[in-house]
Each structure stands twice: as structure tokens, then as C-alpha cells.
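Please examine the sequence and the model shown below with attention to the surroundings of the two ligands.

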Amino acid sequence: MNEQHFFDVVVIGGGPGGYVAAIRAAQLGMKTACVDVALGKDGKPALGGTCLRVGCIPSKALLDSSRQFHNLQHVFAEHGITTKDAKIDVGTMIGRKDKIVKQFTGGVAMLFKANKITSYAGFGTLHDGNLVRVKQHDGSEVELKATNVILAAGSDSIELPFAKFDGDRIVDNVGSLDFTETPKRLGVIGAGVIGLELGSVWKRLGAEVVILEALPDFLPAVDIDIAKAAAKEFKKQGLDIRLNTKVGKTEIKKDGVHVTFSGSDGKEDTLVFDKLLVSVGRKAASKGLLAEGSTVKLDDRGRIEVDAHNHTGVDGVWAIGDCVRGPMLAHKASEEGIAVAELIAGLPGHVNLDTVPWVIYTEPEIAWVGKAEQQVKAEGIPYKTGSFPFAANGRAVAMAEPAGLVKIIAHAETDRILGVHLCGPAVSELVHECVVAMEFNGSADDLARICHAHPALSEVVHEAALAVDKRAIHKAN
Ligand code: FAD
Ligand code: NAD
């Protein structure tokens with residue numbers, strides 16, 4: 001008979017969904033445990049999930065290092081700053097990234113201690129009656145009985161049958177965050193968020209990067225004008241993005257990975273890469289999470305079915321984050337974690353999926369909240385738009401970062417903001433003023449009437465709001 005422990009809340013998964021849910025549950029006075037199977041690079045249990053270990057945080061660390069190197073070589077001269085023989089030591093860069101990851105995964109462990117959350121390192125499976133069996137790394141098993149269980153198992157990379165990960169030549173995000181040197185030729189399958197961010201990292205460090213994308217449109221979920229502006233900048237940077245390209249075969253040979261594809265002209269071609277990053281989306285990590293015969297339902301994509309409040313329909317069982325419907329984003333997972341902990345405690349809890357901001361951390365950054373113009377058009381909503389370029393903003397030009405624009409879409413009759421789309425410097429920060437406006441059901445005129453500091457990048461948001469009513473000051477309307 002396994003040892004059995006009793007909790008008010010057991011969370012399976014210690015990513016930004018699960019660990020945040022556990023902390024909030026503990027804050028609300030509930031006896032809480034969190035189960036996570038992941039190990040860090042040192043082989044020791046590491047909390048924080050995909051986001052802290054092999055996602056958001058390490059990718060941003062490398063994006064920042066590579067940006068500094070790129071600017072030193074290509075931008076600083078404009079400021080009169082020159083240097084000879086700029087070099088990048090990839091080992092030092094990766095070491096810095098690993099230190100940041102350790103700091104943050106260790107930080108979660110400290111927060112668990114401070115909040116008296118019991119941590120179990122191992123694989124958790126939910127059985128009937130809210131019983132969680134944990135297979136620990138030492139082979140032993142424990143049973144956790146809980147009034148409420150929160151499933152926060154996250155997601156895994158999708159593998160293509162003709163490009164299996166080997167951890168060396170053909171890799172996913174994990175491998176491409178740990179190259180020991182800059183690959184001379186990097187192939188990427190999938191021009192989505194990971195392909196663009198990690199493709200940018202290695203391009204800035206000197207790799208020749210070719211991105212093969214199956215769809216005919218570039219970033220189809222992004223507003224059409226923003227996708228166009230971003231594509232123009234990526235082309236200038238030398239990112240070779242090939243749309244409408246179907247990869248059919250990969251072969252690992254002595255000289256690299258041979259990737260055979262049919263291009264947009266229908267002709268077959270083969271390219272050879274030192275490394276191939278496959279970033280074609282992620283799938284819910286629901287395998288093995290539910291015991292056989294579980295009454296918790298999965299949808300046709302393997303995601304756990306939940307209602308608008310993240311309840312699975314089974315008494316006391318909830319699910320959040322990447323393993324359920326909605327965008328696969330860390331902040332969405334965390335908000336759901338907080339909402340569920342509060343609902344369990346009898347408080348109101350809700351996440352508005354319509355105002356979750358998106359950011360792609362390329363150069364320039366891309367960010368948005370709400371609907372894109374093509375979406376509003378397809379839904380037959382009457383709308384008007386206003387946009388303003390960073391090239392006409394004093395601060396952006398002073399920073400030598402004039403690329404991009406802000407575009408606001410508002411309802412043609414009510415002026416209510418339906419979506420805001422940004423491409424340019426620091427738009428990962430600027431988008432939040434737009435999220436606030438949308439959360440408060442604001443109109444474009446509300447944004448236009450707010451005094452923005454000068455000179456500031458946020459003046460571009462202000463001018464775009466004025467432009468919705470054809471009264472932008474610093475451009476012809
Ligand atoms: P996860 O973070 O995946 O955590 C789930 C945890 O549960 C994992 O530690 C896993 O090991 C564990 N687990 C799974 N099953 C079990 C089980 N049965 N028993 C025990 N433990 C289990 N999002 C952003 O918002 N911004 C970004 O900049 C960003 N950058 C990214 C960059 C990359 C390269 C990648 C891959 C993703 C990025 N994401 C980003 C997405 C983000 O990482 C995810 O949306 C987020 O981590 C989801 O959180 P989660 O808690 O649902 O799941
Ligand atoms: P993605 O969905 O963003 O992009 C995948 C791309 O691959 C798509 O453009 C798709 O059309 C293409 N594709 C699919 N199959 C293909 C094939 N066989 N050949 C060529 N192209 C193919 O997925 P991702 O880049 O793997 O990222 C996964 C998720 O992780 C993202 O959707 C996002 O939710 C999250 N993420 C977020 C951030 C961020 O917030 N900054 C960063 C990285 C990842």
C-alpha cells in the first residue's frame with residue numbers, strides 16, 4: 001500500500017499555470033501540493049515549466065544577447081560608436097542564459113517554501129475520486145488525495161514523422177536554446193512564433209537561416225498590415241522565409257541534414273543544413289495524465305475539455321494553461337491558475353480570452369490584442385481603422401528604431417476598440433495600455449483624449465487613436 005497524503009488542492013504541473021495556481025491556493029489558506037516531473041540541466045527537479053526552463057525566459061535571454069551583438073555590429077556605428085573585431089562567445093551566452101533559468105526555477109522553489117506548498121518531483125496521474133498517483137524519480141510512488149485537483153500539464157513540441165528529433169541535428173526549442181556554436185546553416189520548419197524568435201537569435205549571430213513555411217500567408221493570425229510590415233523588416237535582416245513550401249523528407253548525412261521540399265513554384269528542391277529546428281506548433285501534454293477510464297474528457301486535439309471557468313465537468317477537477325483551449329501563452333496560463341484557485345475558494349474568478357495580449361519578440365517586436373482587420377471583415381462587423389508609423393515619432397527616430405506602426409481597429413458606429421496591432425520598438429510594453437482600454441470597453445476616442453508624455457513611443461498609440469477619427473497631428477490624414 002502506497003503512502004497517502006491529504007490536501008485541499010493538488011496541482012499537476014509546475015509551469016506558469018500550475019505554480020501560480022498553487023501559490024494563489026496557498027495564499028487563500030488551502031493546504032496545497034504541486035507535482036512536476038521536469039528536471040533541470042543539472043538533473044535536479046526544476047519548477048517553472050516550459051516557460052522558465054526551455055521557453056519564454058531562456059529564449060528572451062538569447063534574444064537579448066544576440067540583439068546586443070547585432071547592434072554592436074550594425075547599429076552602433078550610426079551613433080558614432082565603433083569597435084573592431086566584435087566577437088561572440090556562444091558558451092558564455094548560453095551560460096548566462098542557464099544562470100537566469102536557474103535563478104528563476106530556484107525562485108519558484110523558494111516561493112513554494114515560503115507559501116508552505118508541498119512539492120513532489122515525479123509524474124502524476126489522476127485517478128477517479130481525485131486521487132493523484134505520483135511516480136517519483138527514485139522509483140517510489142505516493143498517493144495524494146485532494147478535494148480539488150488542477151491539471152496544468154502544459155504542452156510538448158509537435159514532431160513531424162519525416163523529421164524526427166534526434167537532439168543533435170534535428171531539434172525543437174530545447175535543442176536550439178543550447179547550440180554550442182552558431183550553426184553555419186540553420187533550417188527552420190514553421191514560420192511561427194518559435195521559428196521567428198529562435199531563427200532571429202541565430203541569424204543575428206551569423207547563421208544563414210532559411211525558414212520553410214507550409215502556408216501561403218505569412219503570420220496569418222496577425223493583422224495583415226502588421227504581418228506585411230514585419231515581413232519587410234525580416235527580409236532586410238536576411239531571414240530567408242519561404243512560404244507555401246511543403247517539406248517531404250529529411251535525411252541526416254555526414255555533411256548535415258538534407259531537407260527536401262516543394263517550393264511555392266511546385267518544384268522540388270533540397271537544402272543542406274547543419275541544424276534543423278522544427279517549430280510547427282505544440283500539443284497538450286495529456287498523455288498519461290489521466291488513468292484509464294477517466295471521466296475527464298479530451299477533445300480531438302488531446303486537450304482537456306473545460307468550460308468557461310476551466311472546470312472539467314468532473315467534481316473538483318479543473319484544467320488550465322497550454323493543456324486546454326485558448327492561446328498557448330504563459331500569462332494566459334497564470335491568469336487561469338489564479339481564477340481557478342479563487343473559484344475553489346468561493347471567490348469570483350474569470351479570464352477574458354478576448355483581451356489576452358500576444359507578443360512576438362523579434363526585431364521589430366510584434367504585439368496585438370483583440371481582432372485583426374481580416375477577422376473583423378470576415379465577421380461582417382462595421383469598422384474603421386487608424387494607424388501611425390514609428391518613423392514619424394521623435395523618440396523612435398532618436399533611438400534609431402523607426403520601423404513599424406500602430407494600427408487601431410474600432411467599431412464604425414460605437415467607436416469601441418476591437419483590436420490594436422503593433423509592430424515596432426518596445427511594443428511588448430505599449431500593448432498593455434491598449435489591453436487596459438479594451439478591458440474597460442474603451443473607445444478609440446478614450447485613448448485619443450489621454451495625455452501621453454513627449455517624447456515617448458506611446459505617442460504612436462495616441463496618434464493611431466487620433467487617426468481613427470482622421471485627426472492625427474503628425475501625419476496627413
Ligand atoms: P508548462 O509551462 O508546459 O508546464 C507544465 C509542467 O507540467 C511542465 O514542467 C511539465 O514537465 C509538467 N508535467 C506535465 N505533465 C505532468 C505530469 N503528468 N506529472 C507531473 N508533471 C507534469 N509564452 C509567452 O507567453 N511568452 C513567451 O515569450 C513565450 N516564449 C516561448 C518560447 C518557447 C521556445 C516556447 C516553447 C514557449 C514559449 N511560450 C511563451 C509559451 C509558454 O511557455 C507556455 O504557454 C507556458 O509555459 C504554458 O504554461 P503551462 O503552465 O500551461 O505549461
Ligand atoms: P506556431 O503555431 O506559432 O507556428 C507553427 C508554424 O508552423 C505555423 O506557421 C504553421 O503553419 C507551420 N507549419 C505547421 N506544419 C508545418 C509543416 N509541416 N511544414 C512547414 N510549416 C508548418 O507554433 P510554434 O512556433 O511551434 O510555437 C508554439 C506555440 O508556443 C506558439 O503558438 C505560442 O503559443 C507559444 N510561443 C509563444 C511565444 C511568445 O509568446 N512570444 C514564443 C514562442 C512560443
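A backbone N or O atom of M328 lies 2.7 Å from an oxygen atom of ligand 2, which falls within the polar-contact definition, a pair of N or O atoms within 3.5 Å, where within protein one atom must be able to donate a hydrogen and the other to accept it, and residues adjacent in sequence count only if both atoms are side-chain atoms. This is a predicted model, in which local features need pLDDT of at least 70, side-chain atom pairs count only at pLDDT 80 or more, and totals for chains, interfaces and linings use all residues. Side-chain values use heavy atoms, with hydrogens and water left out, while residues are numbered from 1 along each chain as its sequence is written, and chains are lettered from A and ligands numbered from 1 in the order in which they are written.

| Residue (backbone N or O) | Ligand atom | Distance |
|---|---|---|
| I194 | oxygen, ligand 2 | 2.8 Å |
| V359 | nitrogen, ligand 2 | 2.7 Å |
| C51 | oxygen, ligand 1 | 3.4 Å |
| G124 | nitrogen, ligand 1 | 2.8 Å |
| L329 | oxygen, ligand 1 | 3.2 Å |

Taken alone, ligand 1 exposes 1,000 Å², of which the protein buries 93%; accessible areas come from the Shrake-Rupley method with a 1.4 Å probe, and for residues only the protein chains shown count as cover. Around ligand 1 there are 39 residues, and G17, D36, T50, K60 and G124 come nearest, where a residue is near a molecule or strand if one of its heavy atoms lies within 4 Å of it. The helix α2 gives the most to this shell, with 5 residues; helices (H or I, at least four residues) and strands (E, at least two) are DSSP runs, numbered from the N terminus.

Of the 21 residues around ligand 2, those that come nearest are I194, E213, G281, M328 and V359, and α6 gives the most to the shell, with 3 residues. The shell around ligand 2 also draws at least three residues from each of domain 1 (4–157 + 283–353) and domain 2 (170–280), with bounds that come from an automatic or database domain assignment.

The domain assignment also gives domain 3 (364–468). The centres of domain 1 and domain 2, taken over C-alpha atoms, are separated by 28 Å, and their contact takes 20 residues from domain 1 and 16 residues from domain 2, contact meaning heavy atoms within 4.5 Å.
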